[in-house]
Structure formats: structure tokens, C-alpha cells
Amino acid sequence: TAAEMALNVARAIEPALAEKGIALNTAIGMNTVTVVSGVVGAAAAKLDFTVIGDPVNLAARLATLAHTTDGTRIVLSGAIRDLAPRGTATRKLPFREVKGKTQKIEAYLLS
């Protein structure tokens, strides 16, 4: 599934960088739902491909929380955890609130 592939990529990023001699402590936040994507900007100035929307903001907040965790430092939203293959090891994190969200959230550390 797409969720399984995304989880595999997240797990592989830091080891792949280490193989190339790049020591980078990654922190990843993962979320899913519908987003708006496309090219934004003005052709005369600068064009960028980007994604926007509340799901993107939550993923960014989860990445910020990932900086405060130990272990894989890959934090999943409840929506991603629900899409993960059966048997995917996660641990529920105590975070219930993130900046910019009025609703409580569920966050899980990928083991």
C-alpha cells in the first residue's frame, strides 16, 4: 500500500544518508488526507510546486514533535497509523495538542 511504502521510505532516509557519509538526525511527521497541490507563484518571479492544507500543517507539527522523541523520531498521525500494515509497531505518544489545532490529536512513534 501507499502507506507501507511511505513508512519504508521514512525508515530508510537516515541510513541511506549515513551510507553517503551524511550525518543527519532526521525527524519526520507523517499524516494523510486530501491536500491541495500545484505550482504557485508568479512566472516572472518564482514558481514552486507545493502542497497546502490542514493535513500538511499537522504533518509539520508532528515533525516538530518528532524532534523531542527518542527512537526512530518518525511520528505518525492516527490516520497514517490506521493505514499502516497490520503488525506495524508503534507506541502512542502523550501529545494531545499541537499548535494551530483546536481538536485533540493522536500521535504515534514508529518503532
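Here are legends for a few close-up views of this predicted model.

**View B. A salt bridge between Lys46 and Asp48.**
Side chains of opposite charge can pair when their charged atoms come close. A search of the whole structure turns up two salt bridges, and here is one of them: aspartate 48 with lysine 46, where the closest N and O atoms are 3.8 Å apart. Are the two partners buried or exposed? Lysine 46 is exposed, because its relative accessible area of 56% is over the 50% cut-off. Aspartate 48 has 35% relative accessibility, so this residue counts as partly exposed.

**View C. A salt bridge between Lys92 and Glu106.**
Now for glutamate 106, which forms a salt bridge with lysine 92; the closest N and O atoms here are 3.3 Å apart. Lysine 92 belongs to strand 5 (90-92), while glutamate 106 sits in the loop between that strand and strand 6 (107-110), so the pair ties together parts that are 14 residues apart in sequence. How exposed are they? Glutamate 106 is partly exposed, at 37% relative accessibility, and lysine 92 is partly exposed too, with a relative accessible area of 45%.

**View D. An arginine over a tyrosine ring.**
Take a look at tyrosine 108: arginine 81 lies over the face of its ring, 4.4 Å from the ring centre. What about rings pairing with other rings? The count of aromatic pairs comes to zero.

**View E. A buried threonine in a loop.**
Where does threonine 69 lie? Look in the loop between helix 2 (54-66) and strand 4 (74-77). Threonine 69 counts as buried because its relative accessibility is 9%, and the cut-off for buried is under 20%. What lies 2.9 Å from a polar atom of the threonine 69 side chain? It's the backbone oxygen of alanine 66.

Technical notes. Residues numbered from 1 in each chain as written. Predicted model: local features only at pLDDT ≥ 70, side-chain atom pairs only at ≥ 80, totals over all residues. Heavy atoms only, no water. Phe/Tyr/Trp six-rings, centres within 6.5 Å; stacked < 30°, edge-to-face > 60°. Lys NZ or Arg CZ within 6 Å of the ring centre and 35° of its normal. Helix = DSSP H or I, 4+ residues; strand = E, 2+ residues; numbered from the N terminus. Buried < 20%, exposed > 50% of the residue type's maximum accessible area, 1.4 Å probe, protein only. Polar contact = N/O pair within 3.5 Å; in protein donor to acceptor, adjacent residues only side chain to side chain. Salt bridge = Lys/Arg side-chain N within 4 Å of Asp/Glu carboxyl O.
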